[in-house]
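Me: I've got a model open and I'd like to learn how to read it. Can we go through it feature by feature?

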Amino acid sequence: MNKFIIRQSLLLLLTATIWGVAFVSQSVGMDYVGPFTFNAVRSLIGAAVLVPCLFLLKKLQKKEKGQEVHKKEDKKTLLTGGICCGVILAVASSFQQFGLLYTTVGKAGFITAMYIILVPLFGIFLKKKVGLRIGISVVIAVAGLYLLCMTESLKPETGDILLLLCAATFSFHIMVIDHFSPLVDGVKMSCIQFLTCGILCSICMFLFETPKLSLILTAWKPVLYAGVMSCGVAYTLQIVGQKGMNPTVASLIMSLESVISVLAGFVLLHEVLSKRELFGCVLMFAAIILAQLPEKRAAERR
């Protein structure tokens, strides 16, 4: 393994670590402010942080000869993609924040990671083939979810249902990004999506909550971490870290976010999962890894 691969892998591992620990900041932040308030402030901060990142990434990228500035139609596509992603992100992040009110950080991390398995499943509606490997992954993931979410009364908790809705919504978010990202600048689109998400959550904040500046300032640590580190820094690290990396390997490294969320919840919040819940996490992580492994092509088997 050469130095380049090691460096890129470490950048992606750092990304996964930041996102995993972000679940703690999201949980702690709501000790002071409501879910909509937290999402509104963190998203607006994330948009602001990405502005200087745009200039940083431009310096890192080599300018190709004859490269032109985006045309008007490209700007329209950029705006459309950013707004669409922002609307879906606002819904997904709201489900996640409300879910964290009722469940632990570790469970939230693993249930949210279900989007990795749901994306290829929803791809069926786009006439994309789903192999046996994905089918097995779904069965394992459902078994893991049962152990992780079901109570003695055989009913999932409110937080678990909200987080499943979050995972499903994030699946659509991934598919929309997959559609627009080849057409526009990814960081610019992300900046627009965070701005859109921040505006929508701000509207909900004033409609359904009573935001107070004093409480927002009291929660400055978790809010800043979620806004600066999770939205701004981690996204930029992902963009830089994925360059030159095998997409499957990159996904596997970043899926460690779910494991790190459990460790962060245990170390920072002293949250402990039961043996059954831990086994459910193991099954779900196995399903996540299996879903991302590349399928062998017939040509490769010869």
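Me: Let's start with Val21: is Val21 buried, partly exposed or exposed?

Reply: Some ground rules come before that. This is a predicted model, where local features need pLDDT of at least 70 and side-chain atom pairs count only at pLDDT 80 or more, while totals for chains, interfaces and linings use all residues. Residues are numbered from 1 along each chain as its sequence is written, and side-chain values use heavy atoms, with hydrogens and water left out. Buried means under 20% relative accessible area, exposed over 50%, and partly exposed in between (1.4 Å probe, protein chains only). Val21 has a relative accessible area of 22%, so Val21 is partly exposed.

Me: Where does Val21 lie, and which residues does Val21 touch?

Reply: Helices are DSSP runs (H or I, at least four residues), numbered from the N terminus. Val21 belongs to helix α1, residues 3–29. A contact means heavy atoms within 4.5 Å. Leaving out residues up to four places away in sequence, Val21 touches Tyr225, Ile260, Ala264 and Leu268.

Me: Which residues of the largest nonpolar core touch the most other members?

Reply: A nonpolar core is a set of buried Ala, Val, Leu, Ile, Met, Phe, Trp, Tyr and Cys residues joined through side-chain atoms within 4.5 Å. Here the largest has 30 residues, and Phe110, Ile111, Met114, Ile117, Leu145, Leu148 and Met284 touch the most other members. Among the elements giving two or more residues are α1, α4 (105–112) and α13 (275–292). The most comes from α13, with six residues. There's also a second, separate core of 21 residues, which includes Leu89, Val187, Cys201 and Met205.

Me: What lines the largest cavity?

Reply: Rolling a probe the size of a water molecule over the atoms shows where empty space is left. On a 1 Å grid over the protein atoms alone, a cavity is a set of points where a 1.4 Å probe fits but cannot get out, and lining residues have an atom within 4 Å of a point. The largest cavity holds about 60 Å³ of space. Its lining includes Phe23, Gly109, Tyr115, Met254 and Glu257. The elements giving two or more lining residues are α4, α5 and α12.

How values were computed:
1 Å grid on protein atoms, 1.4 Å probe; cavity = no way out; pocket = protein on both sides within 12 Å on 5 of 7 lines; lining within 4 Å. Points joined across faces, edges and corners; volume = space filled by probe spheres on them.
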